Amino acid sequence: MAGNNAVPTTEQLQDLLLESPGFTEFLLGLATISASLLDGREPLLCAITVEHDVGPSTVASSTAAAQRLDEKQYAFDDGPCLTALRHQHRVLIDDLQADDRWAQYAHQVDGEGIRSVLAVPIQTDSSSRAALNCYAYAPGTFNPAIVARVLEHAETISKTLRLALRLHVPEPYPEHLRSALQSRAVVDAALSLIMLQNRCGRDRAMELLQLAARNNNRRLHDIATDILNGSAPQDWTSPGVPDGHA
């Protein structure tokens with residue numbers, strides 16, 4: 001599903017919110033959808049961070065690698081994404097290895113292979129701050145056209161995120177997302193993409209995922225992982241349930 005050119009409508013984002021069991025699951029779905037929609041020539045990793053004036057922060061990442069990149073910043077309470085979030089302005093790094101502003105952070109994430117970073121604030125209410133964090137493996141990935149797409153996407157998801165903050169009690173960054181994306185997180189993220197692609201609710205998305213697992217004689221987690229990696233076959237649902245007719 002990488003490189004999906006579909007743009008989620010306000011109604012689809014609201015459906016994601018209403019179908020998500022909690023705020024963390026909603027944020028995870030939002031991060032995963034963001035990575036899928038913004039992916040282009042160069043693969044992008046995405047994460048969304050929400051900080052509250054009172055209470056813990058919540059972080060959701062499209063992949064385990066994006067999760068680690070965000071966690072490195074929280075380890076010493078500084079980094080490009082935290083700067084974008086706390087100061088509410090865009091941070092663009094064309095080449096992390098050559099940018100003196102973030103030398104400490106670059107050293108911390110050197111093993112991840114990330115070269116360029118774009119972090120943009122997401123407008124929320126007065127009691128919280130949020131940012132969309134995008135990472136790429138090639139330097140200079142975030143040209144003006146891609147920056148414009150990311151800014152537009154951040155504006156698109158802002159309204160639904162504000163609504164989510166009103167409907168759900170904020171949750172801390174949960175343990176099940178701290179150790180590489182485990183089964184529940186992977187399945188939740190895949191469900192979000194299925195809901196978007198098939199324009200269906202969470203229950204129907206789960207039916208399609210379970211059907212694919214049975215038809216291919218594989219575990220639910222494995223099918224979900226393939227979907228997130230963009231490696232699932234085109235007919236991964238079943239011959240009798242084509243995409244877009246759920």
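## Model and helix packing

Axes here are lines fitted to C-alpha atoms, for helices over the stretch in contact, and angles run from 0 to 180 degrees between N-to-C directions. Helices (H or I, at least four residues) and strands (E, at least two) are DSSP runs, numbered from the N terminus. The model is predicted: local features need pLDDT of at least 70, side-chain atom pairs count only at pLDDT 80 or more, and totals for chains, interfaces and linings use all residues. Residues are numbered from 1 along each chain as its sequence is written, and side-chain values use heavy atoms, with hydrogens and water left out.

Helix H1 (residues 10-19) packs on helix H2 (residues 23-38) at an angle of about 145°, the axes being 9 Å apart. On the H1 side the contact (heavy atoms within 4.5 Å) is made by Leu13, Leu16 and Leu17, and on the H2 side by Phe26, Gly29, Leu30 and Ile33. By class there are 6 nonpolar, 1 polar and no charged residues. Ala, Val, Leu, Ile, Met, Phe, Trp, Tyr, Cys and Pro count as nonpolar, Asp, Glu, Lys and Arg as charged, and the others, Gly among them, as polar.

## H1 against H6

H1 also packs with helix H6 (residues 144-167), at an angle of about 25° and with the axes 10 Å apart. H1 and H6 are therefore roughly parallel to each other (angles under 35 degrees). H1 contributes Leu13, Gln14 and Leu17 to this contact, and H6 contributes Thr156, Ile157, Thr160, Leu163, Ala164 and Leu167. The classes are 6 nonpolar, 3 polar and no charged residues.

## Salt bridges

The structure holds 7 salt bridges, each a side-chain nitrogen of Lys or Arg within 4 Å of a carboxyl oxygen of Asp or Glu. In one of them, Glu51 pairs with Arg86, with the closest N and O atoms 2.7 Å apart. Glu51 lies in strand E1 (residues 44-52) and Arg86 in helix H4 (residues 80-87), so the pair ties together parts that are 35 residues apart in sequence. Glu51 is buried, at 7% relative accessible area, whereas Arg86 is partly exposed, at 31%. Buried means under 20% relative accessible area, exposed over 50%, and partly exposed in between (1.4 Å probe, protein chains only).

Arg218 and Asp226 also meet in a salt bridge, at 2.5 Å from N to O. Arg218 is partly exposed at 37% relative accessibility, and Asp226 is buried at 16%. Salt bridges that share partners join Glu51, Arg86 and Arg129 into one network.

Definitions and conventions: Parallel < 35°, antiparallel > 145°, perpendicular 65-115°, else oblique.
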